[in-house]
Amino acid sequence: MMNETETTPSTDQAKSTPAAAKWTGRVLSGLVGLAFLASAVGKFVGGAGLEEGFAHLGLPMEIQYPLAILELVIAIIYLVPQTAVLGAILLTGYIGGAICTHWRVGDLFVVQIIIGVLIWLGVFLRDRRLWALMPLRS
């Protein structure tokens, strides 16, 4: 016989996400998604600035299009509500690589850390189910 706690969703999951949190999360996720989409388009378009940036980071120009495709696909996965958590995981990995690349050449990587936080903050605010995973308790 199953007891009541096994069949009833937790009270945190049963509550809906507050509208203000949901919309704030949507806006943050939209901005992050747009930033990655813009970065992908910039890599597709190319130019002297891109070549200088790749040279500074020690990246070969041969990865320009694969990186653009990767950014584009992951950004789309992130922006689709049903796959947003998978997209956040993939974007976190991408940002981790960006942090290591900038760190290796001695650049500041604060912007990449902020983007990583915003990736998860956007998803966290949109989906109440993630709130149960945070170690913060009321």
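Q: In which helix is A35 found, and what makes A35 partly exposed?
A: A35 is found in helix α3; helices here are DSSP runs of H or I with at least four residues, strands are runs of E with at least two, and both are numbered from the N terminus. Buried means under 20% relative accessible area, exposed means over 50%, and partly exposed lies in between, with a 1.4 Å probe and protein chains only. The relative accessible area of A35 is 45%, and therefore A35 is partly exposed. The C-alpha atoms of A35 and E71 are separated by 9.9 Å, and the two residues are 36 apart along the chain.

Q: What kind of model is this, and how are its residues numbered?
A: It is a predicted model, in which local features need pLDDT of at least 70 and side-chain atom pairs count only at pLDDT 80 or more, whereas totals for chains, interfaces and linings use all residues. Residues are numbered from 1 along each chain as its sequence is written, and side-chain values use heavy atoms, with hydrogens and water left out.

Q: How many helices and strands does the protein have?
A: The protein has seven helices and zero strands. Buried residues make up 29% of its 138 residues.

Q: How do you know that the length of α5 agrees with expectation?
A: The expected span of a helix is 1.5 Å times one less than its number of residues. For the 16 residues of α5 this gives 22 Å, and the end C-alpha atoms are 22 Å apart, so the two values agree.

Q: Which residues of α5 are buried, and why are they said to line one face?
A: The buried residues are Q64, L67, A68, E71, I74, A75 and Y78. Their arc, taken from the directions from the helix axis to the C-beta atoms, is within 140°, so they line one face of α5. Their cover includes α3, α4, α6 and α7.

Q: What makes V41, F44, V45, Y65, I69, L72, V73, I76 and V80 a nonpolar patch?
A: Patches consist of residues with over 30% relative accessible area and no salt bridge; nonpolar side chains (Val, Leu, Ile, Met, Phe, Trp, Tyr) are joined within 5 Å, and like charges within 9 Å. These residues form such a nonpolar patch on the surface, with about 770 Å² of accessible area together; areas come from the Shrake-Rupley method with a 1.4 Å probe. Helix α5 gives the largest share, five residues, and α3 and α5 each supply at least two.

Q: Why are the buried residues of α6 placed on the same side of the helix?
A: In α6, A84, G87, A88, L91, Y94, I95, A98, I99, T101 and H102 are buried. They cover an arc of only 160° around the axis, and so they lie on the same side of α6. On the other side, W103 and R104 are exposed. The helix covers residues 84–104 and reaches 30 Å from its first C-alpha to its last, close to the 30 Å expected. Just after α6, G106 takes a positive phi of about 90°.

Q: What makes Q112 buried, and which residues is it in contact with?
A: Q112, in helix α7, has a relative accessible area of 13%, and therefore it is buried. Leaving aside neighbours within four places in sequence, Q112 is in contact, meaning heavy atoms within 4.5 Å, with I95, A98, I99 and H102.

Q: Why is the pairing of K43 with E71 called a salt bridge?
A: A salt bridge is a side-chain nitrogen of Lys or Arg within 4 Å of a carboxyl oxygen of Asp or Glu. The closest N and O atoms of K43 and E71 are 3.3 Å apart, and the pair forms a salt bridge. This pair links distant parts of the chain, K43 in helix α3 and E71 in helix α5, 28 residues apart. Both K43 and E71 are buried.

Q: How many salt bridges does the structure hold, and how far apart are the closest N and O atoms of D127 and R129?
A: The structure holds two salt bridges. D127 forms one with R129, and their closest N and O atoms are 2.7 Å apart. D127 has a relative accessible area of 17%, so it is buried, whereas R129, at 55% relative accessibility, counts as exposed.
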